[in-house]
Amino acid sequence: MSDSYSDRNVQREVSELETKSATAARLFDIRRIIGGLFVVYGVIVTIAGLAASDAELDKAQGVNINLWTGLGMLLLGLFFLAWLRLRPTAPPPPAPEDTGEGVGEGA
Amino acid sequence: MRTSSRATKRVLMRTPTHPAVLAAELRLPTNWLDYTILGIYFVVVLGIGLAARRSVRTSLDFFLSGRSLPAWVTGLAFIAANLGATEILGMAANSAQYGVYTTHWYWIGAIPAMVFLGLVMMPFYYGSKVRSVPEFLLLRFDKAAHLLSSVLFAFAAILIAGVNLYALAIVVEALLGWPEWVAIVVAGFFVLAYITLGGLSSAIYNEVLQFFVILAALIPITILGLRKVGGWDGLSDSLTRSRGADFMTSWGGTGIGSANPLGANWLTIVLGLGFVLSFGYWTTNFAEVQRALSAKNLSAARRTPLIAAFPKIFIVFLVMIPGLVAAVLVPKIGTAGSDLQYNDAIPYLMQQLLPNGVLGIAVTGLLAAFMAGMAANISSFNTVFTTDIWAKYVVSDREDGYYVRFGRLITAVGVLASIGTAFLASSFSNIMAYLQTLFSFFNVPMFVVFIIGMFWKRASMKSGFWGLLAGTTAAMVNYFVIYKRGIIGIPSDQGANFVSAIAGFVAGAVVMVAVSLFTRPKPAEELQGLVYGTRSPGLAEPPAHGDDAWYRRPALLGWGAVVLAAACYIPFSF
């Protein structure tokens with residue numbers, strides 16, 4: 001083997017693997033998981049907020065933090081589910097999926 | 001999280017000195033509700049691993065998600081891989097100790113480097129189809145540079161994964177009362193399970209999820225913390241009174257020659273942190289770059305660090321404000337007069353402010369961040385070990401399925417090794433701190449070698465190896481001999497880090513140039529697509545449908561992030 005490794009080797013190898021790759025076709029869409037988890041969390045925490053005791057309110061500086069956080073998480077979860085519904089994963093072979101990039105940037 | 005959180009290492013390594021005190025002080029009043037929330041998260045983590053398993057057919061799927069993920073996923077994973085719990089706790093600690101200086105680690109110490117990675121470097125990384133950062137060195141330089149960087153990276157990744165695991169164990173013991181070994185074994189098991197099953201896709205998906213859980217944890221802490229101390233004005237007034245006006249500014253007291261707690265002036269901040277350390281971490285640390293390499297096309301790969309830059313600009317408020325609030329509520333924090341360490345800022349606020357429910361979210365977020373910090377290192381370790389070390393120097397030319405199986409095996413070995421490292425760290429925390437500093441200096445010459453290799457065609461094949469070696473040595477000598485022995489006086493570890501980084505950069509660059517002048521250059525046809533101003537034939541992909549939309553233009557995103565970060569400095573500069 002020469003000391004210099006040709007870049008052609010890597011490029012050929014990776015290009016070949018790309019044609020056999022299964023990720024694009026078979027990997028599920030993460031929006032479904034984020035949406036589902038945050039809806040569940042949102043409901044749990046919102047209920048905890050609705051049932052908040054005075055002691056809990058005092059601890060959180062008079063803010064019903066469970067209620068607000070719960071509603072926030074619920075909204076985020078619904079946003080992801082709605083996004084998934086409006087722009088479902090495109091079938092991979094013809095064109096790469098067309099999903100927006102708007103999420104999380106203002107976080 | 002290597003260089004971006006030098007503070008972390010210092011702070012974390014201090015925590016174990018008072019474990020008993022901590023446990024009594026900071027135990028959280030968790031109940032069944034919080035544990036339900038935590039339990040649901042663990043189930044989802046495993047579910048992601050199981051569901052991602054069927055997408056792994058080739059080694060490219062396992063190590064690089066088949067280069068097929070959309071930009072928003074890789075972008076959020078890019079930021080989450082950095083947003084480990086050591087970073088969160090460490091930067092809150094940094095804020096409690098140094099105040100608003102913490103913003104430098106974000107606005108100048110991250111954004112310019114992330115934008116540079118996306119706009120300038122990514123076409124070479126992604127376009128050359130390399131699977132890892134060391135593999136790029138193999139193409140651009142030679143096997144010596146490749147092997148040196150691969151082996152050092154593999155060691156560093158395990159070490160950092162182990163330190164993360166140990167940090168998790170300390171925090172979980174203090175907050176929840178679990179014995180350290182239980183936390184280490186449980187977290188290690190979950191990381192092992194989801195990466196072995198689903199490979200990088202599973203790691204990245206978990207990072208995206210973790211990003212949102214972390215936000216859900218930090219936002220309530222920040223809001224309630226601010227409310228407790230009378231809003232931003234109350235916070236600012238109180239700290240200006242107790243710590244002086246510079247504490248609430250980014251640049252106050254950083255004139256050359258004037259003393260400040262950070263021990264750094266504006267020049268060492270800009271050059272050491274903003275240029276050398278930050279570019280070294282963000283542009284050559286494979287645990288980060290790997291996320292961008294898994295994007296589905298060049299446009300998505302370039303946008304990965306750019307999309308990550310926008311949350312990075314604002315996350316500083318979510319870690320800095322809790323740190324500042326803790327400095328108000330516990331004026332003696334971090335000194336001998338208090339049981340609380342700087343590192344305890346966020347756990348302390350969780351205990352004081354959060355009712356059950358949100359508390360469970362916060363505990364989940366913290367645990368998720370620890371696991372993601374570890375997983376990012378494990379998933380980059382298995383890639384480098386398999387494709388760069390094993391497949392090139394030990395067992396090459398086997399069928400692809402063999403390397404997938406080997407990758408799974410080495411993931412298990414890596415997790416076990418980091419569990420071992422974590423146990424080692426619990427008995428020899430000083431040695432670990434030392435080792436971590438040692439490895440952190442490796443990023444600096446990596447960046448020199450990359451930048452010179454990418455922009456100077458004449459840089460010879462041999463110059464890569466010698467530049468790496470010389471730069472690493474110079475940074476270490478400066479830190480461990482010149483600074484630690486007190487030959488020149490630098491007021492703090494942070495300041496010494498910045499100066500050492502600059503020394504390593506200069507030494508690496510000088511040696512590279514010198515070696516290049518005396519050894520033969522790489523033939524021009526082998527540099528196509530690797531050096532600025534060349535184009536690899538056949539790599540020009542047609543732009544994907546929709547990628548020409550204005551909000552997806554890399555230049556606009558990148559410069560937008562830089563301008564926004566600069567604008568953020570304005571209110572904190574006067």
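**Note on the predicted model: chain B and its interface with chain A**

1. At 37% relative accessibility, B:Leu267 counts as partly exposed, a class lying between buried (under 20% relative accessible area) and exposed (over 50%), with a 1.4 Å probe and protein chains only. B:Leu267 belongs to helix 13 of chain B, residues 266-284; helices are DSSP runs (H or I, at least four residues) numbered from the N terminus.

2. The model is predicted, with pLDDT of at least 70 required for local features and 80 or more for side-chain atom pairs, whereas totals for chains, interfaces and linings use all residues. Residues are numbered from 1 along each chain as its sequence is written, chains are lettered from A in the order in which they are written, and side-chain values use heavy atoms, without hydrogens and water.

3. Contact (heavy atoms within 4.5 Å) joins 78 residues of chain B to 57 residues of chain A.

4. About 6000 Å² is buried between chain B and chain A, 64% of it from carbon and sulfur atoms; buried area is the accessible area (1.4 Å probe) that two parts lose on being put together, summed over both. In chain B, the residues losing the most area to chain A are B:Trp72, B:Tyr205 and B:Phe212, together 12% of what that side buries.

5. Three salt bridges are found across the interface of chain B and chain A, under the rule of a Lys or Arg side-chain nitrogen within 4 Å of a carboxyl oxygen of Asp or Glu. B:Arg67 forms a salt bridge with A:Glu18, with the closest N and O atoms 3.0 Å apart. Helix 11 of chain B, with 13 residues, gives the most to the side of chain B that touches chain A.

Terms used: Helices (H or I, at least four residues) and strands (E, at least two) are DSSP runs, numbered from the N terminus.
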